[in-house]
Amino acid sequence: MMIKNRLNLAVWFWAAISALVLCSPAWGAGIVASTSFGEDNEIIVEFRTPVEVAIAGEAQRYRVFEETDPDILLPVTEVEVADDGTRATLRFADPLNTTSAHVVNAQGIGGLESTTFTVSKSYLGYLLTVLISALLIKNFVFTKYLGLCVFFGTSKRKETAKGMGVVFTIVVVVAVSMSWVLYQYVLKPFHLDYLQIVVFIGLTSLTVQAVDTVLRKVNPVLFKSFGVFLVLVIANCVVIAVPLLMASNEYNYFETLMLSLGAGGGFLLALYLMSSVRERVELARVPEPFKGLPIAFIVAGQFAMAFLGFSGLQLF
Amino acid sequence: MATDKNSLQLVTNGILQENPIFKLALSMCPAVGISTTVVNGLMLGIAVLFVQVFSSVTISLIKDFIHPRIRIPTYTLTIATWVTVIDLTLAAYFPAAYAQMGIFVKIIVAFAIITMRLEMFACKESVPASFWDGLGMGLGFLVGMVVIGFVRELLGSGAIFGYDVLGFKPLLFFILPSAGFFVVGLMMGFFNWIEASYAKRGKK
Amino acid sequence: MKDIISIIFRLTLSCIVAGLIMGGTFIFTDRAKKANEHAREEKVMYSLLGHDEGGEDPESMAMHELFRYIVTDGEEQFIGYLLPLSTGFEFITIGLDGSFVSRVPVQLSETQVLESGERDTAIAAALGPTKTIRFADQTLVVTDDGERSAFLLSGKFPGYKTSIAIILALAPDFSIIGFEVMEHEEDPGLGADIERDFFRRQFENKSFESIKALRTIKEPLPQEYFDALEGRIAEEEAAAAIMEKYRLQDIYALTGATISTDAVVMGIKAMTKKFAYRIETLDAVLADQQIAASF
C-alpha cells in the first residue's frame with residue numbers, strides 16, 4: 001500500500017514538472033513574446049504584436065551571436081515570417097550549438113529601432129533532461145555498470161526489488177543533498193577536493209544511520225520491512241558515484257536534486273524490470289551450470305543493450 | 001581466535017576457493033564496466049590489491065584500539081583513506097591509465113568485498129595472517145579481472161596487451177560496453193560446468 | 001558516559017591520522033601531477049609540430065602565448081588580447097566590429113603571465129575599475145626565425161557521452177597540421193576510435209577552404225586509405241600519393257559512431273573558423289596601429 005502511494009506521488013510529481021515546462025511563462029521585453037530553437041539550424045521568434053512581414057523578412061536586419069563569442073556573428077541565410085506577422089523563423093548556414101545561449105539583435109522590427117533578446121533552452125527543460133538522463137539514458141546500472149552487487153542480490157523478488165529501490169532513492173537524495181552543501185561551501189572554497197571520497201562516503205553512512213534510527217522510533221512496522229535494505233545501501237557503488245558526478249559537473253542544487261532523483265529512480269526501475277524477468281526465469285528450463293547468477297548476468301546484458309537505444313534521446 | 005591456515009593456504013583461498021568475482025560474486029561493477037583490455041583489468045586489480053592489503057593490515061594493527069560500537073565507521077574511514085591515497089597516486093603518475101578507469105578507482109571505497117574481509121578476518125586475526133588474507137583476496141580479484149580482460153580483448157579486438165596477435169577482430173561485440181554482462185555470465189556458467197563435471201567424475 | 005568519551009576520543013584520533021595520511025599524499029602527488037600534465041601537453045604539442053624525435057626543438061623556434069578575454073564595460077562588450085611585445089605585455093581592446101579601441105601596458109613577468117590569478121588581477125588593474133574581464137581562451141603562436149609557423153589551439157566540445165578535449169595545430173594559412181585528443185569518454189571500440197591514427201590523420205593537410213565545408217560521409221573507409229593512414233604502406237611515395245588522392249575529401253564516419261565523428265568534425269570546423277576570423281581581425285588592428293607583437 002505504502003509503495004503504491006509513493007508511486008502515485010511520483011506520477012503527480014512528474015505531471016507537475018511537465019506542466020511547468022510546457023507552459024513556461026512567456027517573458028521577455030518589448031515586442032518579443034517568446035523564443036525557441038527549432039530545427040538544428042533554426043531560431044523561432046514569436047512576436048507579441050504582429051510585425052510587418054516584408055521588413056521582418058529581411059535577413060540583414062538580424063545580428064545573431066553566441067553569448068560566449070560576441071565577436072563571431074552567425075550569418076542568417078533566410079528569414080521566414082508567418083503571414084499574420086506574429087512568428088519569424090531565422091535560418092542559419094550551420095547547425096547551432098543549442099547548449100549555449102544565443103543573443104539576437106534585430107534592427108527596425110515592429111517599429112523599434114533595435115531590440116535585443118536572448119534565445120536559450122528552457123531551464124526547466126534542462127532540469128528535466130538531467131533527470132531523464134540519469135534515469136534512462138545514463139542509467140547507472142545498465143549503462144554505467146555500477147551498483148551491481150546489490151542489484152543482483154536484491155532483484156530475485158519484486159517485493160524486495162521495490163523495497164530496496166525506494167529505500168535507496170530516499171538515502172541517495174538526502175545524502176547527495178548534504179554532499180552538495182559540504183562540497184560547495186567547504187571542500188571547494190578551501191581546496192580540499194582530495195577529501196571528496198571520505199566526505200561523501202561518510203555522509204552516506206551518516207544518512208543511513210539517521211534513517212535507521214528515525215524509522216525505528218517513528219514507524220517500527222515500516223522499519224521491519226525496509227530496515228534490512230538500509231545496510232545494503234552503503235555497499236552500493238551508485239551512492240558514491242552520484243556525489244562524485246555532481247562534483248565533477250559542478251551542478252547547482254536543483255540539478256543535483258534531479259540527478260539524485262534520477263539515479264534513485266533509475267535503480268528502482270532497473271531492479272523492478274530485472275526482478276520481473278527473474279521471477280519468470282526461475283520457472284524456465286535453464287541449463288544446470290547457468291542457473292542463478294550466470295543467467296541473471298545474461299539477462300542484464302540484454303537489458304543493457306536495450307537501454308543503449310535510449311542514447312541520443314533528446315526531449316527538450 | 002587464530003586461524004589454523006598457513007600463509008600459502010590463505011593466499012590460494014582468496015584466488016581459488018573464495019574468488020571474489022567468480023565465487024563470491026562481489027565487486028562485479030568493474031568486472032563488467034572496464035574489463036575491456038588486460039591492462040585495464042591489471043591496473044584496477046593492483047589498485048584493489050593495494051587497498052585490500054593496506055586496510056587489512058591497518059585494521060589488524062589497531063584492532064584493540066577500535067571501540068566495538070564504532071567498528072563499521074572505522075572500517076569505512078580506513079578504506080576511504082587508502083582509496084584516496086591510491087587515487088591520488090594513480091592520477092599523478094599514471095594519468096593515461098587513470099583516465100581509462102574513470103570513476104572506478106574512487107568506487108573501490110564501496111566494494112563489499114573489502115569491508116567483508118575486514119569484518120570477518122582482519123579484526124580478529126594477527127597482522128601477518130591479515131596481510132596474507134588481504135593479499136589473497138586482492139590477487140583473486142586481480143586474476144579475475146585479468147582473465148575477463150584477456151577474453152574480451154582477444155575476442156573483441158584481436159589483441160593482447162594492445163599488441164595485435166590475431167590480425168583481425170573476431171567479435172567486436174565483446175569490447176562493446178554492454179557485452180561485459182554476457183562475458184561475465186558466460187564465464188561463470190563455464191566455470192560452474194567445469195566444476196560440476198569434475199564432481200561427477202569424482203563420484204564415478 | 002565514559003564510553004562516549006572513549007568513542008569520541010578514538011574516532012577523533014583516527015580521523016586526524018587519516019587526514020594526515022591523505023593530506024601528505026596530496027601534497028606529495030599534487031606537484032608530480034601538475035608536472036606530468038604539463039609534460040604531456042608539451043609532448044603532444046611537439047609531436048604535432050613534428051619535433052617528436054629526440055624532443056629537441058630547433059633554436060630558431062619560439063612559442064608565444066596569446067590570451068583572449070571578453071571585456072565588458074556597462075552594456076557594451078569588447079574583445080581583449082594580452083599580447084607579448086618585445087618590451088613587455090600589452091592589453092589590446094578591440095570592438096566587436098573589429099575596430100581598435102585602446103591599448104594599455106600590463107605589468108607582468110614571463111612567469112607571472114602563466115598564472116591565471118596574477119594575470120587577471122594585473123590586467124584588471126591596468127584597465128581601470130569600470131571594465132570587467134572574463135578569460136575566454138589561449139593560443140600558442142609558434143614562430144620559426146620570427147616567421148609564424150603554426151598555431152596551437154586547445155578546445156573542448158560536446159561529444160557523444162561527455163565533452164571531448166583536443167589540441168589542434170593549424171598552419172599559418174589555417175590548414176590543419178594535425179590534432180590530438182586529450183580527454184574523452186567515448187565508448188571503447190566505437191567512439192573511442194577518434195584517438196586512432198586512421199581517424200585523426202584524415203584531417204591532416206586539409207585546406208582552410210575544405211574545412212569550411214567539411215562534412216561527415218557515411219561510407220566505409222577505402223582499404224588503401226586506411227593502410228596509408230595507419231602507416232602500413234612501406235613505400236613513402238605510394239603512401240603520399242594515396243594521402244594526396246583523399247586529401248580534400250570529407251571525413252569518413254567511424255563505424256557505429258557517427259555522432260562522435262560528427263562532434264569532432266563540427267568541433268574542429270568551428271574552432272578553425274572562429275580562430276581564423278579572430279586572428280585576421282587582430283592582425284588588421286596590429287598592422288593599423290603599428291603594434292609590433294613578438295609573433
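Helix α3 of chain B, residues 38-61, gives the most to a nonpolar surface patch, with three residues. That patch covers about 760 Å², and B:L42, one of its members, sits in helix α3 of chain B. Please keep in mind that this is a predicted model.

**The nonpolar patch on chain B**

- The patch is built from B:V39, B:L42, B:I46, B:F161, B:Y163, B:V165, B:L166 and B:F168.
- Helix α3 of chain B is the leading contributor, supplying three residues, and B:L42 is placed in that helix.

**Where chain A meets chain B**

- Here 32 residues of chain A are in contact with 34 residues of chain B.
- Together the two chains bury about 2700 Å², and 85% of that area is on carbon and sulfur atoms.
- On the chain A side, A:Y145, A:I197 and A:F297 account for 25% of the area buried against chain B, more than any other three residues.
- How many salt bridges cross the interface of chain A and chain B? The rule finds zero.
- Polar contact between chain A and chain B comes to one residue pair, counting pairs with both residues at pLDDT 80 or more.
- Four elements of chain A give two or more residues each to the side that touches chain B: α4 (148-153), α6 (196-218), α8 (238-249) and α10 (293-308).
- Which of chain A's elements gives the most to this side? That is α10(A), with ten residues.
- By class, the side of chain A that touches chain B holds 26 nonpolar residues, five polar and one charged.

**Where chain C meets chain A**

- This contact draws 16 residues from chain C and 13 residues from chain A.
- Chain C and chain A bury about 1400 Å² between them, with 56% of it on carbon and sulfur atoms.
- Of the area that chain C buries against chain A, 30% comes from C:M22, C:L96 and C:K274, more than from any other three residues.
- Three residue pairs are in polar contact between chain C and chain A, again with both residues at pLDDT 80 or more.
- The side of chain C that touches chain A receives two or more residues from each of α1 (2-48), β1 (61-73), β2 (76-85) and α7 (258-289) of chain C.
- Helix α7(C) gives the most to that side, with five residues.
- Sorted by class, the side of chain C that touches chain A has seven nonpolar, two polar and seven charged residues.

**Salt bridges**

- Over all chains, the count by this rule comes to 28 salt bridges.
- Between chain C and chain A there are four salt bridges.
- One salt bridge pairs the side chains of C:R278 and A:D71, at 2.8 Å from N to O.
- Why does the pair of C:R278 and A:D71 join two chains? C:R278 lies in helix α7 of chain C, while A:D71 lies in the loop between β3 (62-66) and β4 (73-74) of chain A, so the pair links one chain to the other.
- The side chains of C:R68 and A:D69 also meet in a salt bridge, at 3.8 Å from N to O.

Notes
Residues are numbered from 1 along each chain as its sequence is written. Chains are lettered from A and ligands numbered from 1 in the order in which they are written. This is a predicted model: local features need pLDDT of at least 70, side-chain atom pairs count only at pLDDT 80 or more; totals for chains, interfaces and linings use all residues. Side-chain values use heavy atoms; hydrogens and water are left out. Contact means heavy atoms within 4.5 Å. Buried area is the accessible area (1.4 Å probe) that two parts lose on being put together, summed over both. A polar contact is a pair of N or O atoms within 3.5 Å; within protein, one must be able to donate a hydrogen and the other to accept it, and residues adjacent in sequence count only if both atoms are side-chain atoms. Ala, Val, Leu, Ile, Met, Phe, Trp, Tyr, Cys and Pro count as nonpolar, Asp, Glu, Lys and Arg as charged, and the others, Gly among them, as polar. Patches are made of residues with over 30% relative accessible area and no salt bridge: like charges are joined within 9 Å, nonpolar side chains (Val, Leu, Ile, Met, Phe, Trp, Tyr) within 5 Å. Accessible areas come from the Shrake-Rupley method with a 1.4 Å probe; for residues, only the protein chains shown count as cover.
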